[in-house]
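Subject: Structure for your review

Dear colleague,

Please find below the structure that I am handing over to you.

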Amino acid sequence: MSRIRLCGVDIDNVTKAEAVRRALEATGETTVVFTPNAVMLDKCRRDASLADLMSHASLSLPDGAGVLLMARRLKTPLRERVAGIDFGMALLKEAAARGLRVFLLGGGDGVACEAAERLKEAHPALQICGTWWGYFDRSGEENRRVLSMIRESRADIMLVCMGFPVQERWVIENLSALSRLSVIACLGGSLDVWAGRVKRAPRALSRMGLEWAWRMAREPRRLRDVGHLARFALHRE
């Protein structure tokens with residue numbers, strides 16, 4: 001089974017390596033990659049308009065242990081957790097190898113630039129052809145200037161990190177103006193991690209599916225997500 005349906009959203013049953021290959025080797029229209037986690041899917045379950053928004057993805061990757069748990073409960077297990085940040089790093093590594101140009105969009109003041117510098121240190125061959133922060137006016141003249149900047153950068157890949165559902169909605173609303181891009185991936189807070197502004201959970205916790213606990217310990221405001229996670233884990237439709 002190549003896709004399963006959770007909370008009204010189709011999820012691709014792929015490994016990280018397969019996801020990168022499919023994103024880069026697709027022909028025709030721009031490949032749009034979304035990375036729904038348990039909290040996002042629970043919101044989609046309760047709001048059909050969000051589920052409809054997520055349906056526009058070319059690739060929908062299972063980001064989080066909660067998504068895998070729900071899939072198992074429905075007896076449609078997913079092969080692998082594909083966290084957005086891990087997919088993004090694998091995509092960038094392949095972009096460097098293929099000589100593809102990358103644009104980074106999102107984060108607060110200076111985040112995208114800092115992320116670009118660190119990523120280029122890790123992958124010297126990586127061509128980052130432009131960056132912009134995520135707090136621009138996403139309508140009117142400023143939005144048109146940002147779209148023009150992206151087009152003029154001649155980017156092949158764009159990573160959009162503005163949080164759900166802002167990033168997904170912006171991508172879909174402006175997709176016709178971004179048709180030169182081969183891949184657009186929405187990756188939430190990945191730029192903050194790559195910039196060194198936010199520390200990611202230790203690998204041992206991630207392997208145990210406890211990255212959410214690490215985030216809540218560091219950011220108590222995330223405690224409200226516990227209710228979403230519990231509802232999602234118990235949901236069977």
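How much accessible surface does the chain have, and what percentage of it belongs to carbon and sulfur atoms? The accessible surface comes to about 11,600 Å², and carbon and sulfur atoms account for 50% of it. Please note that this is a predicted model.

Overall composition. The chain has 237 residues, of which 48% are buried. Its secondary structure consists of 12 helices and eight strands. Of the contacts between residues at least 6 apart in sequence, 76% join residues at least 24 apart.

The sheet. Six strands form an open sheet in the order β4-β3-β8-β7-β5-β6, and their pairing is parallel. Because β4 (59-60) and β6 each have a single partner strand, they stand at the edges, and one side of each is left without a neighbour in the sheet.

Strand β3 (residues 31-34) pairs with strand β8 (residues 183-186) in the parallel sense, over three bridges. Within this pairing, Val32 has Ile184 as its bridge partner, and Val33 has Ala185. β3 also pairs with β4 in the parallel sense, here over two bridges; in β4, Leu59 stands opposite Val33. Are the residues Thr31, Val32, Val33 and Phe34 of β3 buried or exposed? All are buried, although Thr31 and Val33 point one way from the strand and Val32 and Phe34 point the other way.

Helices at the sheet. Helix α5 (residues 84-98) lies across β3, β5 (101-106), β7 (157-161) and β8. Relative to β7, α5 runs at about 155 degrees. A further position that may interest you is Ser190, which is located in helix α9 (residues 190-194). Ser190 has a relative accessible area of 3%, which is under the 20% limit, and is therefore buried. Leaving aside residues up to four places away in sequence, Ser190 touches Gly84, Ile85 and Cys161.

The surface. Which residues make the nonpolar surface patch of about 350 Å²? The patch is made by Trp132, Trp133 and Tyr135. Of these, Trp133 is found in the loop between β6 (127-132) and α7 (140-152).

Yours sincerely

Key: Residues are numbered from 1 along each chain as its sequence is written. This is a predicted model: local features need pLDDT of at least 70, side-chain atom pairs count only at pLDDT 80 or more; totals for chains, interfaces and linings use all residues. Side-chain values use heavy atoms; hydrogens and water are left out. Patches are made of residues with over 30% relative accessible area and no salt bridge: like charges are joined within 9 Å, nonpolar side chains (Val, Leu, Ile, Met, Phe, Trp, Tyr) within 5 Å. Accessible areas come from the Shrake-Rupley method with a 1.4 Å probe; for residues, only the protein chains shown count as cover. A salt bridge is a side-chain nitrogen of Lys or Arg within 4 Å of a carboxyl oxygen of Asp or Glu. Helices (H or I, at least four residues) and strands (E, at least two) are DSSP runs, numbered from the N terminus. Two strands pair if DSSP finds at least two bridges between them. Contact means heavy atoms within 4.5 Å. Axes are lines fitted to C-alpha atoms, for helices over the stretch in contact, and angles run from 0 to 180 degrees between N-to-C directions. Buried means under 20% relative accessible area, exposed over 50%, partly exposed in between (1.4 Å probe, protein chains only).
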